[in-house]
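Good morning. I will go through one structure, a few residues at a time. Please look at the sequence and the model first.

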Amino acid sequence: MVHGNRLCRGLGIASVMGLTCSSLSAQADVIDDSHFKLDTRNFYLHRNYTNTNAPVSEVHSWSQGFDAQFTSGYTDTALAIGLDVDAQYAVRLDSSGNDGSLPFSVSKQQTADDYSRAGATLRMRYAKTELKVGDMRPQLPVAFDDTSRQLDTIYQGAVVESKDVDGLTLTGGRFWSAVTRESSNHEKLYKWGTTDNLDSDGLDFGGATYDITKNLQASYFYGVVHDIYQQHYFGLTHMADLGSGYKLKTDLRYFNNNEDGNALDGPIDNRAYGALFTLTKGAHMFGVSYQRMLGDSIFPTLNGYIPQPYLVNWSSLAFIRPDEKSWSARYGYDFVGMGIPGLKFYSRYTKGTNWDRGGNLSDNQESERNLMLSYVIQSGPLQGLAVDLRNIDVKQKYGYDYNEYRFATTYTWKFW
């Protein structure tokens, strides 16, 4: 009996030590594989309205933003667990009017002095399947992160992604709120162009992306913003090597949008077709695209004018009006071809016609020209500092023309 008790005590001590070591190992993975960074962004936007009958002659804003992101490693357990924490803050340096970059009080006709938001994300992983619950910045056909101004769009929800089958990615989940680029508060989701009293209980979605071959990929997603709209998305991407250094990328995309449930925003009737062809050789890129809206409704997007870059002609104007046809030509150059790494140029011109304004009104048409120049310092004490300059020129037959400049400097401090 004595020997038996000693044996039991020995096994107990060994078990405790094993659990303790396992726990320490799990904690070590969480900490040792963690990362913490601070993204800083100084952003200036100035828009001049060139029509004599425009409500205002110009709007502008200048702000400094900070985006802190902590990403933990995973525990060394069968069901691995991790935790992310994020915090964003921006301060207004100057502003005039509402350009969509910062929180703006309509009643006071004043931009907020500063704004902030913070949150966390719980991550769980088993094999090649991962579940996230909390703050997210998705880049999906049904929900997309907006990085076009100062602070990003942050969604709250639960998303599961599985890559257990080679070449196949399955994604599904629910978003129940979003804090948009010009807000500190999470709001329920509703359709852009309506008021927040017509909100939804959430966006449920599911989709699959499959690599048919190493050069051919197909995607399908379905999303439903309950009681407002439902959306089907089909996408096909192909990369062809034409020889002599030429490569041709083909993107074919289709959306089908209809009202859902109680149809809080009324009937929705929209189909969108898009095709983008991008030819590259060395430092050069040339692309052409065509997009067509069909149906009686504008393409539905989420509150805060959250972007939909899966539309091939999405831009400042978006070209998403009822029955609108649009085509685009674009050219880009990477100056590494001239021995200047880090310097890039991009240009695009888009023309939209057949915009059905309804009733007996004549069709509208619009155009947008974009010029972009960016540079990332490659070495020295300022290595990684990025500078981005953009000019956007917009013209509409019935509407307000404007010329806009955006200037941003960004830098990331990686602490570990």
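Let me begin with a definition: a residue is called buried under 20% relative accessible area, exposed over 50%, and partly exposed in between, using a 1.4 Å probe and protein chains only. The model is predicted, so local features need pLDDT of at least 70 and side-chain atom pairs count only at pLDDT 80 or more, while totals for chains, interfaces and linings use all residues. Residues are numbered from 1 along each chain as its sequence is written, and side-chain values use heavy atoms, with hydrogens and water left out.

Now to the backbone. Most residues other than glycine have a negative phi, and most peptide bonds are trans. Ser 244 has a positive phi, near 60°. Ser 244 sits in the loop between S14 and S15; strands here are DSSP runs of type E with at least two residues, helices are runs of H or I with at least four, and both are numbered from the N terminus. With a relative accessible area of 66%, Ser 244 is exposed.

Phe 319 also has a positive phi near 60°, and its place is the loop between S17 and strand S18 (325-334). Is Phe 319 buried or exposed? Phe 319 is buried, at 0% relative accessible area.

Next, charges. Side chains of opposite charge can pair when their charged atoms come close. A salt bridge here means a side-chain nitrogen of Lys or Arg within 4 Å of a carboxyl oxygen of Asp or Glu. How many salt bridges does a search of the whole structure find? The search finds 16.

One of them joins Asp 146 and Arg 181, with N to O at 3.1 Å. Asp 146 lies in the loop between strand S9 (143-144) and strand S10 (154-162), and Arg 181 in the loop between strand S11 (168-179) and strand S12 (203-213), so this pair ties together parts that are 35 residues apart in sequence. Both Asp 146 and Arg 181 are buried.

Arg 406 and Glu 404 form another salt bridge, at 2.5 Å from N to O. These two residues are buried as well. Together with Arg 47, they are linked in a network of salt bridges.

Arg 390 pairs with Asp 388, and the closest N and O atoms are 2.9 Å apart. Arg 390 is partly exposed, with a relative accessible area of 33%.

That covers the backbone and the charges. Thank you.
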